[in-house]
Amino acid sequence: MVNPYIPYPVRIDEIKTETEDKSLKTFKFVFLNPEDEEKFAYRAGQFAELSIPGLGEIPIGIASSPVEKGFVKFTVFKTGKVTSYLHSMKEGDIMGIRGPLGNWYPWDLLEGKNVVIIGGGFAFTTLRSSIIYMLDPENRKKFKDIHVIYGARSPGMLLYKEELEQWAARDDLNMHITVDGTDDPEWKHHTGFVPTITEQEAPAGTEDTYAIVCGPPVMIKFTQPVLDKLGYTNDRIIMSLENRMKCGIGMCGRCNIGKEFVCKDGPVFTLKQLNQTPKEY
Amino acid sequence: MKVIKIDKNEWASGLEKLRSAYELIGPVKEKFYHAFQPLESGQQPDMDYINTRVSPKYVIYPQSELILECSLNENDEDYKIYKEPEKEYTPKAILGIRPCDADSFSLVRRNFDTEEYKDPYWLRAYEATTFVGLACDQPCPTCFCSSAGSGPYSDSNLDILLADNGDHYLARVLTEKGEKLAAAAGWSQDAGDEADQQIDQKKQEAESAIQSRVNTDKLASQSLLDLYEATDAIWEKEAFSCINCGTCTFVCPTCWCFDVQDEVSGKKGYRIRNWDSCMYPLFTLHASGHNPRGTKVDRLRQRFMHKLKYYVDKYENGIQCTGCGRCVQLCPVNIDIRRICNMLNSYDPESCTCEVTAS
Amino acid sequence: MKNLLEHMGVEPERLHFSWISSAESTKFVDVATKVTESVKSLESKEKKFVKTKPKVA
Amino acid sequence: MKSYTDKIKEIAKRLLKEDKVDMVIGYRKGTVPLMHQPFFATSEGEVDSFVWDSNCGLNLANYITDRKERIGIVATGCNSRNIAVHVVEGKIQRDQLYIIGIPCQGMVDRHKLAAMAEGNIASVEEDEDKGTITISGQGFSKSVDKAEVLQENCSICVHRNPVLCDELVADEVTEQTREQADPYARVREIEAMSPDDKWAHFDDLLSDCIRCYACRNACPLCYCPQCFVDESNPQWVGKSVDPTDIRTFHLLRAYHCAGRCTDCGACVRSCPVGINVRDFTKKLEKDCLELYGWEAGLNTEQRPPLDTYKPEDPEDFIK
């Protein structure tokens, strides 16, 4: 019997501070036992429990992409007991990761379709994983047009800044970066909230077009009417939820929305599915 | 399946024989109430017990259980690497468990034994346990097992079913595990041809003695969201008296939710799982401070919707309740699952009304 | 504060209150020594409110 | 207690009819014996569910914390004292409340009666004239003097009449004097033990605790948005059923109630396993009376002794 509670031991290989307020850091982990990396086969959109022995676990979306080998990456916002401690840890430290957990964005369904990725703030992590996955030379041909709309409060709060610039320079991806406001005269991308930029830049919602939306509740609240207006039906709006979790395997009972567990049946749901569940997230 | 006769003195001596192979657990009287406890050498279970306050679920699923441990000593090779603690799952026998409590394990198993994941701690403990049930001839006024998918003689999760018949028990040996235990105890007296009928007769009598029932026939066809949104008709008023303690969930044989906590002692780290309760605000509180079930109305609704609707829809196997009546008896503010079950079952979304029964 | 602790079986010798400034190192040593001695001198050797490995299944 | 019940209904109907209050909080008949349910009525029709007898043991002050409505509330002596504590602590305004005072004759102890019964209790009858309680169930029926099966806190109570109310449902009952009631007899018994015996006594007392927090949540004083046991940063206490953690919870909870506890007994009544939580709180109540001459909730002006400082404080270490 495989014990689903035992984390794989990992070493922190690299820590990168992402944002100017230092509240977000990206941790690159390497598995202590190379064979564990194979067991940890994941798809873009899944999450894992980061486990700090003696302290606890936290569920975090996987920011690295299945096409990146040799490591896994997570971008963590400093907020509670475990994340605060994690932010104080150093390269070389040993901890654990347990997963991969949950479902993923519906890649099979998205093949041959236009994909619009809409993200805000630090919910961009599994979207990064998805973009890298789709841009992989093997995979890019599977998708039609790809749009990415990503916003943060200010330029300094954007995640993965170097990669964003690289993506913006590509011609096989429509990149729309925006910030709520900035006094930087050099800023060459959009200024404005994500829903506004979506209205301006997102393609019309045809049968062939799917939107993946991931961000803070207020962004989702105002983006949804825009997508409705653009013609996206609820089954073509894909969202990723988060709820307080412990086990991550559908057993401990807390993260449910109605009869679905966010950890096991989710975290990815279509808006159509969510309309059939209580709004307990 | 065969029926054997166990004289009561033979019962006592048989238990002593079992001790070498099994850890025995049975009902014993404590200060005020009965509880399932390990039986010391020579100690007999009190088979005339009134149902226990806390259910025997703890035998399989302890309230606090060590699930992982690791060294926090930097010099150790496995420093900070969590491992499963060494535990022995020696055979146990729960003696005199009520059929309703035994049935609860089948309900809980659906949570811990899934296609994708298996909870090794629950499953190993469950598999190491032999369930010797005592049919229930004197139901409590709060018992509603027979309308909750269980019953006073239900044997679907038992290895042996005992029916008290004066100076002896008639025992249905239901499984291989049961046969093994009966053999180890030296119980082999054939009960005769009539015994099966006798048990059925007693079963009918016991079932007719149950006065309390719940209606569940319409639960599956009700709309989940209609019930969820019946705030004015049901939830607001029913939740008023709730004080958000965890009594109902902790005494319930079918509540399985847990929390995972790490503790450190000296140079060792421990990961422990503890029973948790959907009644507590902390259960769902996000680190951001947002709480998707922030009010007691939300939490009370979660508990009853889970038992009476989500579970019904998810597993298509009835309600997540065996009708043991503990929460009804022990809720300090008299929130009664029978009343709420009947309200949900009879809810009419057109008129937003439901039938209120005094149960 | 002492009363309820004493009531549940924690001897008053196990609980001390002192005002010590961060500059008063000698006073800190004195108090610490005094506390240790008073606990050692107790008749009861039972550990009270000392949690070692959590007692769980 | 029909006269009390009728009078409560009469007052509640009047208050709602005259729009003096938005809701009236009382009890309705429980679905099981010995357990009436806290209940609120917003219409005259709902008022007919109200009931009063010896099974109204949970403290209704619990249900008014931070409420904004104008509330009519049924209150015994201890309940009215807890309402006063709420007013002092700013958890409700006095002028939001219309207190329907109950001269209280005590509540029966559900744990004691359960232990006396030879089976499951199916019904409970109270004979007011004879002062007896009759419990019955399958194959048994037993009558006892109500005085014998009162909750312990009720039998030693010296504030049976409301200290704060707008209207009484009946004439005041005679109060017992402290000499008659001897409220601290049990505290003295424990005080007389050796330290290790005391330690063992509390070990035994808490051995059945399942940390369901019914005692805390039934307590009208425990209204903190987050209890110290639920805090994770810093984490004050472990969350398992480790005996040290369980004792820490009960000890600290008692301290948080020091000088505020009215000995209403809701903690003991609500405990599913019958722990006498009052063994902690009663000691502090005694200390507050002896050290500060203080009893909680007797008026709506004075703050409790442990959240004020006076130079003449009897504890010498803080001087």
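In chain B, 21 residues of domain 1 are in contact with 20 residues of domain 2. On the domain 1 side, the touching residues divide into 9 nonpolar, 8 polar and 4 charged. The model is a predicted one.

Where do the two domains run? Domain 1 of chain B takes in 2-55 + 90-209, and domain 2 of chain B takes in 224-259 + 274-346.

Now turn to a helix pair in chain B. Two packed helices are described by the angle between their axes and the distance between the axes. Helix α1 of chain B covers residues 8-18, and helix α5 of chain B covers residues 176-185. They pack at an angle of about 105°. Their axes are 7 Å apart. Angles of 65 to 115 degrees count as roughly perpendicular, and α1(B) and α5(B) are therefore roughly perpendicular to each other.

Which residues meet at this crossing? From α1(B) come B:Gly14, B:Leu15, B:Lys17 and B:Leu18. From α5(B) come B:Leu181, B:Ala184 and B:Ala185. This contact divides into 5 nonpolar residues, 1 polar and 1 charged.

Last, the chains. There are 5 pairs of chains in contact. Which pair shares the most contacts? Chains B and D do. Chain A and chain C, by contrast, are joined by no contact. The closest C-alpha atoms of chain A and chain C lie 12 Å apart.

Notes:
Residues numbered from 1 in each chain as written. Chains lettered and ligands numbered in written order. Predicted model: local features only at pLDDT ≥ 70, side-chain atom pairs only at ≥ 80, totals over all residues. Axes fitted to C-alpha atoms, helices over the stretch in contact; angles between N-to-C directions. Helix = DSSP H or I, 4+ residues; strand = E, 2+ residues; numbered from the N terminus. Parallel < 35°, antiparallel > 145°, perpendicular 65-115°, else oblique. Contact = placed C-beta atoms within 7 Å. Nonpolar A, V, L, I, M, F, W, Y, C, P; charged D, E, K, R; others polar. Domains from an automatic or database assignment.
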